[in-house]
Amino acid sequence: MTARLRLGGLLFVALLLQTTVASDLRIRGVSPDFMLLLTICAGLAAGPDTGAVVGFLAGLLIDLFLHATPFGLSALTYCLVGYAVGVLRRSVLREGNLLAPATALLASAVGVLLFVLVGVMVGQHQLTSPGPRGLAQIAGIVAVINAILAVPVSRLVSWAATGLQGPAQSALAK
Amino acid sequence: MAVYRRTARPRFVLLLLVLSALTLVTIDTRAGGSGVIGQIRAKAHDAFAPVQDATHSALRPVGNFFTGVVHYGELKSENARLRDELAKVRGQQLQAADAQRELQLLLDQQHLDFVGNIPTVAAQVVDTSSSNFELSVQVNRGTSSGVAAGMPVVAAAGLVGRVVEVSAKRATVLLLTDPTFSVGVRLTANGDTGVANGRGRDNPMTIDLVPPNTRLNHGDVLLTSGLQLERFPKGIPVGRVDAVKQQPGALQEDVTMNPIVDLSRLEFVQVLQWSPQ
């Protein structure tokens, strides 16, 4: 219960930062995606189950503040990203200093492009308007920013998720 | 069996979440952004607005603090009392200059010729969307000030966008450069019209349905057409023609246009209390 409260608190802080500070931190017109970063770190720290739930909630929260895309689109994308990161963490990814930044780098880029792909599948064709180069730039910048922030955020999420790790996660930790 | 249990639960959770998200997407798409989900969004905006305002207010003094630190560093030879006094005076001057600038911006918007007799609501831009796929701003006026969804929004130079979502205290304005935005424009004095479409940040707008051989020049100002059932009243400046290309055999000219309003520096806007006839 405490872990869920802590994760809820982190979601709130991430939402606050995303809806206030993020638009002022644009690099070449691209703003960071703190909600996606939180999702990735949750998948890394607590596995696919928690990664998917945190991603879903993070997506729902940010969807409240988006207007050009349907409510639930970010939730759908982020829960898939959180789940995938959790599964990869269990099966492929091994502990190391570069685990968090490297995963954040790749998963963020995939997350941005997945958002566009899923959006197009539900009729949001305007998401492709930046063109291939523009989309690559958005994905790349979000990925780099998230990779830079990944180490402190993943430690924060690991602390918050303490107690949520199930038997399988514990076994893997051994 | 244990292995099955480890992998099945997350998959079940994921399936549940994906289905939930798809249901929400379907409901919101069918409701066209309004309905129950629109109301939830509006409530969330109102509930979150004070926290957002507090955060913005908290960040502003931090910037002022760093400015002050730099300033004090240049005055090492003076004693503490003079430094304090000087800082206070300069702070007041900066505040006065900022207030004067904001006042001038508001005054500039008091007599907009293209607005005519349409009643307006002055609003301040308080936030910009942090999404990389949506170009919108939030203003500090909502239904309690008479703002409604669909109302056009202008600045001193011309069209800014339209209100797409409104709560009691806030409204979200979709900027005309957003890829989902379109507006009818009058091309020339002979009545030809076209449809201007947003193409995203830093990209010029495109104008569709421009008949071949339409006389347009770089820098021409295009106004809203105001045709029947248009979302905007007639005669609001939208943008300046950027480029005109005529492809051989094409059924229309390729025309691009830059917004006449600098959308990256919006501070105050006017919401036109106008709806299509």
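How do H2(A) and H4(A) lie to each other: parallel, perpendicular or oblique?

**Setting up.** I'm working on a predicted model, where local features need pLDDT of at least 70, side-chain atom pairs count only at pLDDT 80 or more, and totals for chains, interfaces and linings use all residues. Residues are numbered from 1 along each chain as its sequence is written, while chains are lettered from A and ligands numbered from 1 in the order in which they are written.

**Helices of chain A.** I began with helix H2 (residues 34-63) of chain A and H4(A), whose axes are 10 Å apart and which pack at an angle of about 125°. H2(A) and H4(A) are therefore oblique to each other. My cut-offs: under 35 degrees is roughly parallel, over 145 roughly antiparallel, 65 to 115 roughly perpendicular, and the rest oblique. Axes are lines fitted to C-alpha atoms, for helices over the stretch in contact, and angles run from 0 to 180 degrees between N-to-C directions. Helices (H or I, at least four residues) and strands (E, at least two) are DSSP runs, numbered from the N terminus.

I noted the crossing of H2(A) and H4(A) as right-handed. That label applies if the near helix is turned clockwise from the far one by less than a right angle, and left-handed if anticlockwise. On the H2(A) side I found Leu36(A), Leu37(A), Ile40(A) and Leu44(A), and on the H4(A) side Ala100(A), Thr103(A), Ala104(A), Ala107(A), Ser108(A) and Gly111(A). Contact here is C-beta atoms, placed from the backbone, within 7 Å. The classes come to 7 nonpolar, 3 polar and no charged residues. For these classes, Ala, Val, Leu, Ile, Met, Phe, Trp, Tyr, Cys and Pro are nonpolar, Asp, Glu, Lys and Arg charged, and the others, Gly among them, polar.

Next I looked at helix H4 (residues 99-121) of chain A against helix H5 (residues 131-160) of chain A: their axes come within 7 Å and cross at roughly 140°. That makes H4(A) oblique to H5(A) too. Their crossing is right-handed. Among the contact residues I picked out Ala104(A), Ser108(A) and Val112(A) of H4(A), and Ala139(A), Gly140(A) and Ala143(A) of H5(A). This contact divides into 17 nonpolar, 4 polar and no charged residues.

**Chain B, overview.** I counted 3 helices and 12 strands in chain B. Buried residues are 32% of its 277; buried means 20 or more other C-beta atoms within 10 Å of the residue's own, exposed 12 or fewer, partly exposed in between, with C-beta atoms placed from the backbone. Of the chain B contacts between residues at least 6 apart in sequence, 56% join residues at least 24 apart.

**Barrels.** Which strands close into barrels? One has 6 strands in the order E1-E2-E5-E4-E3-E12 (chain B), paired antiparallel. Its twist averages 45° from one strand to the next. The other, also of 6 strands and antiparallel, runs E6-E7-E8-E11-E10-E9 (chain B). Strands pair if DSSP finds at least two bridges between them.

E3 (residues 152-154) and E12 (residues 268-272) of chain B are joined by 2 antiparallel bridges, with Val271(B) as the partner of Val153(B).

**Strand E5(B).** E2 (residues 136-139) of chain B pairs with E5(B) antiparallel over 4 bridges, putting Val137(B) opposite Val173(B). E4 (residues 159-166) of chain B is antiparallel to E5(B) over 5 bridges, with Arg162(B) opposite Leu174(B). E4(B) and E5(B) make a hairpin with 4 residues between them.

**Interface.** The contact takes 41 residues from chain B and 35 from chain A. On the chain B side, H1(B) gives the largest share, 13 residues. By class, I get 16 nonpolar, 14 polar and 11 charged residues on that side.

**A loop residue.** Last, I looked up Asn117(B), in the loop between helix H3 (80-108) and E1 of chain B. Asn117(B) is exposed, as 4 other C-beta atoms lie within 10 Å. Its C-alpha atom is 10.0 Å from that of Leu272(B), 155 residues apart along the chain.

Notes:
Two residues are in contact if their C-beta atoms, placed from the backbone, lie within 7 Å.
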